[in-house]
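Please work through the following exercises with the sequence and the structure at hand. Each task is followed by a solution in steps.

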Amino acid sequence: MELAMETRAKGLVAATLSVVVALAGCEAHRAPPAPAKPIATVVPKPEKPRAPAQPEPVGAYSAPFVTGDFGGQPAVDRFIERMVAEHGFRPDYLKGLLSEARRKEWTIAYMNREAPSVKPKPGGWSRYRAKFLTENHIAKGAAFWHRYAGALERAQARFGVPPEYVLGIMGVETIYGSNVGKDRVLDALATLAFDYPRRAEYFTDELKSFLLMTRAERMDPASPRGSFAGAMGLGQFMPSSFLEWAVDFDDDGRKDLWAPVDAIGSVANYFARHGWQSGGAVVTPALADGASAAELESGFDTRYTLAALASHGIHPSGVLRVAAEPVALLRLSTNDGDEYWLGYQNFYVITRYNHSTHYAMAVHDLAQAVKSRYRSAFSASR
Ligand SMILES: [Ca+2]
């Protein structure tokens, strides 16, 4: 699951800070009254905007060159030069900070591990589902909902995403913050950026985003801990996702992925910005009669009209809530044979968090289980 986080859409780098600083500097750049225009003149080139001053990053790091696990690597030096030129960091600060970073040998070994055989075995969905539809996931989800009901309702009002789907993500990712990861994000990202060539570009960009995040949020970059791949907080956002989609939902002036209320707003915002349809269905079960159903390609990114599915003997088994749009055909291998489902737009939106049919289906099933438990356990408070 965390590995698949790498595939999350990368965000544009938010330029909020630059804008704020630029606005603050307007007074000093107020133009003098324009002189009378001469008849012929050379139009001066507009002054190149100066790079805005940045706040000092947190931590008393300083070194003349990088030492330690990442010393003497040209890629590290190039990264530092880029952060200095493009983002206004002090070179001695970055050299001192990266001298503190530690290579995670286990992570490299794990990433280089031979991929297991991809031949799907029967019952794959049943095994995957069992990992997340546990009593622990369901009971803690209902309790979390009870505790943060106000924020979850606010998120639904603002972003159109129901509480159970925010909880489905947080439950699958971290059991609502119980398991947010133990690796220093600095170590995880430096290791994968500089010692894992296959994904160097991606993780170098994430390391950049992480340094921008910690500078903007006044955090010491050596402090935050997350997954072995650098995913952070209750919703396991990568740093680029933080820059693009995190929100300050408890209004304390900081965006903090480890603060439950900010994490709630950030996950809901992520869904909303990826096209979540408020009030829309996620999946509906289907029945398949005849052998030709098995010939159709399935998965979250397939698209079929109901007529095309019907010609292969596949029919919605319940009342369709959305009839007019093409749907994804989902085939899940259970211990009792294949199950068929039809996925709507909102199912696809869940896969924007993690590009996997099993992942999105687990989020959906956990969402429904938590909702049902919440209603039965806390109905007195409703
Ligand atoms: Ca906040």
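Two residues are in contact if their C-beta atoms, placed from the backbone, lie within 7 Å. The model used here is predicted.

**Exercise 1.** Determine which residues of H7 meet H9, and how the two helices are oriented.

*Solution.* 
1. On the side of H7, the residues are His137, Gly141, Phe144 and Trp145; their counterparts in H9 are Pro163, Leu167 and Gly171.
2. The axes of H7 (residues 135-147) and H9 (residues 163-174) come within 10 Å, and they cross at roughly 130°.
3. The two helices are therefore oblique to each other.
4. The crossing of H7 with H9 is right-handed.

**Exercise 2.** Describe how H10 packs with H11, and state the handedness of the crossing.

*Solution.* 
1. Helix H10 (residues 185-194) packs with helix H11 (residues 200-216) at an angle of about 150°, the axes being 7 Å apart.
2. Because angles over 145 degrees count as roughly antiparallel, H10 is roughly antiparallel to H11.
3. Their crossing is left-handed.
4. Val185, Leu189, Ala190, Leu192 and Ala193 of H10 meet residues of H11, among them Phe203, Leu207 and Phe210.
5. This contact of H10 with H11 consists of nine nonpolar residues, one polar and one charged.

Note on methods:
Residues are numbered from 1 along each chain as its sequence is written. This is a predicted model: local features need pLDDT of at least 70, side-chain atom pairs count only at pLDDT 80 or more; totals for chains, interfaces and linings use all residues. Axes are lines fitted to C-alpha atoms, for helices over the stretch in contact, and angles run from 0 to 180 degrees between N-to-C directions. Helices (H or I, at least four residues) and strands (E, at least two) are DSSP runs, numbered from the N terminus. Angles under 35 degrees count as roughly parallel, over 145 as roughly antiparallel, 65 to 115 as roughly perpendicular and the rest as oblique. A crossing is left-handed if the near helix is turned anticlockwise from the far one by less than a right angle, and right-handed if clockwise. Ala, Val, Leu, Ile, Met, Phe, Trp, Tyr, Cys and Pro count as nonpolar, Asp, Glu, Lys and Arg as charged, and the others, Gly among them, as polar.
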